[in-house]
Amino acid sequence: MAVIPVDVAGRPYEVHVGTGLLADLAALCGKRLRKREVPVITDRNVHAAWGSTVEAALRDAGHVAQWRILPPGEHTKSWNELAATVDWLLGLEVERGDNIIALGGGVIGDLTGFCASVLKRGCNFIQIPTSLLAQVDSSVGGKTAINTAAGKNLVGAFHQPSLVIADLAVLETLPRRELLAGYAEVVKYGLLGDAAFFAWCEDNAVGLIDGDTAAREYAVAQSVAAKARIVAEDEFERTGARALLNLGHTFGHALEAETGFSDRLLHGEAVGMGMALAARYSARKGLMAETEAERVHAHLVAVGLTASLSALDLECDGAVLVRHMLHDKKMDAGTLPFVLMRGIGAAFLDRHVDLNDVAAFLDHQLSA
Ligand SMILES: NC(=O)c1ccc[n+]([C@@H]2O[C@H](COP(=O)([O-])OP(=O)(O)OC[C@H]3O[C@@H](n4cnc5c(N)ncnc54)[C@H](O)[C@@H]3O)[C@@H](O)[C@H]2O)c1
């Protein structure tokens, strides 16, 4: 098992990464579980696969799980579910010193974290991420949010968990498409700041995706350590360090918007394609060697992700995609910062990208 510290000022916490951790849940949580009743928020899929394991682990330690089982999917991150879940927690008389457990993917983690941030002006919560994306990204770093009619993740708070337990065993029941989408966020850490980890991904990704537990543990631990370093440096996304985590997200966001934030393109799939586009655009601007950009593309294709924009069959041009980018929440006083690369492992924030040039680049990619 790996234990990775997240050294955020005033509220440090640990991320435990290992196999079979759910059975030791109560021991890992220790005194964080102060009462007999423990509120656990999850979705139907995760409850069907792992609910009995969690229930038994809590029961064996003298606790009783109080379940809130929500519908799976992005719609659950809504004002309605926020209000209903907060009312449910108030009904359980949860106090500020108590911990709520989030058992699920990024949807459950984001909703539960936001509930915890507002309940009695802030109570504790424990993340038990069950998707690869949640284990390597959303459960660590304290961003919580819901979606509104105006867009995704536009309402939320920074609220760090008190503990994260990433059990690799739960990935056994995760659909392969979701696993692959989560893998895009793994490879992101190599691309943004660690060329050696990217090379490791090239050698080990197929095994990792096919179920190699040692490879999964290494990849999750490396990813969490990378995210922990960045979050400790820039918890509230003020200095620019944390913004590097958005590599692939500006292009990806435009593709998600154009496909209606639907199952046609999952978030991680859009990020994967977005990273391939960021690499190619960096090469077009002479920042990165063409061969390096092709290496990024080739790796994504080798693991089974779609890296070519033309494969999406979009009926729009580059200008439409750029217009979607202008609604990105990363817009800052009229400019849109892009994460570009000077090479694999060398991402940086460019605040002066010419959007007409991006549109022309995308026109070319749409027909390539
Ligand atoms: N807070 C952050 O820093 C951050 C970062 C990245 C993404 N996000 C958010 O995360 C969300 C996406 O997260 P996600 O990809 O985990 O999606 P998700 O939570 O919707 O999970 C994906 C699907 O997999 C199922 N699932 C999850 N774990 C499973 C398991 N072990 N076995 C079987 N089925 C399982 C879920 O029921 C769901 O159907 C988005 O809302 C995104 O905005 C947040």
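# Chatting through a predicted model

Q: Hi! I'm new here, so let's pick a spot: where does Lys120 sit?
A: Lys120 is found in the loop between α4 and β6. Keep in mind as we go that this is a predicted model.

Q: Okay, and what is the phi of Lys120 like?
A: Lys120 has a positive phi of about 50°, although it is not a glycine. For background, most residues other than glycine have a negative phi.

Q: Which residues point which way from β6?
A: Asn124, Ile126 and Ile128 point one way, while Phe125, Gln127 and Pro129 point the other way. All of them are buried.

Q: In what sense do strand β5 and β6 pair?
A: β5 (residues 99-104) and β6 pair in the parallel sense, over six bridges. To get from β5 to β6, the chain crosses through helix α4 (residues 106-118), and this β-α-β crossover is right-handed.

Q: What is the bridge partner of Leu103 in β6?
A: That partner is Ile128.

Q: How many bridges join β6 to strand β9?
A: Two bridges join β6 to β9 (residues 163-167), and these strands run parallel. Ile126 stands opposite Leu163 in β9.

Q: Let's switch to the ligand. How many residues surround the ligand?
A: There are 25 residues around the ligand, and the closest are Asp43, Lys77, Gly106, Ser131 and Thr173.

Q: Which atom of the ligand does the side chain of Lys77 lie 2.7 Å from?
A: A polar side-chain atom of Lys77 lies 2.7 Å from an oxygen atom of the ligand. Ser131 also places a polar side-chain atom 2.5 Å from an oxygen atom of the ligand. For Thr130, a polar side-chain atom lies 2.8 Å from a nitrogen atom of the ligand.

Q: What share of the ligand's exposed area does the protein bury?
A: Taken alone, the ligand exposes 860 Å², and the protein buries 89% of that.

Q: New topic: where is the place of Asn147?
A: Asn147 belongs to strand β7 (residues 143-148). Asn147 is buried, with a relative accessible area of 13%.

Q: Which side chain does the side chain of Asn147 join in a polar contact?
A: The side chains of Asn147 and Glu74 are joined by a polar contact of 3.0 Å. The side chain of Asn147 also reaches the backbone nitrogen of Asn153, at 2.9 Å.

Q: In which strand does Asp350 lie?
A: Asp350 lies in strand β11 (residues 347-350). Asp350 is buried too, with a relative accessible area of 12%. A polar atom of the side chain of Asp350 lies 2.9 Å from the backbone nitrogen of His352.

Q: How about Glu95, where is its place?
A: Glu95 is in the loop between α3 (79-91) and β5. With 40% relative accessibility, Glu95 counts as partly exposed. The C-alpha atoms of Glu95 and Leu119 are separated by 8.5 Å, and these residues are 24 residues apart along the chain.

Q: Last one! In which helix does Trp50 lie?
A: Trp50 lies in helix α2. It counts as buried at 15% relative accessibility, because buried means under 20% relative accessible area. Trp50 and Gly105 are 55 residues apart along the chain, with 13 Å between their C-alpha atoms.

Technical notes
Residues numbered from 1 in each chain as written. Predicted model: local features only at pLDDT ≥ 70, side-chain atom pairs only at ≥ 80, totals over all residues. Heavy atoms only, no water. Buried < 20%, exposed > 50% of the residue type's maximum accessible area, 1.4 Å probe, protein only. Helix = DSSP H or I, 4+ residues; strand = E, 2+ residues; numbered from the N terminus. Pairing = 2+ DSSP bridges. Right-handed = clockwise from strand over helix to strand, strands pointing away. Near = heavy atom within 4 Å. Polar contact = N/O pair within 3.5 Å; in protein donor to acceptor, adjacent residues only side chain to side chain. Areas by Shrake-Rupley, 256 points an atom, 1.4 Å probe, with all protein chains shown as cover.
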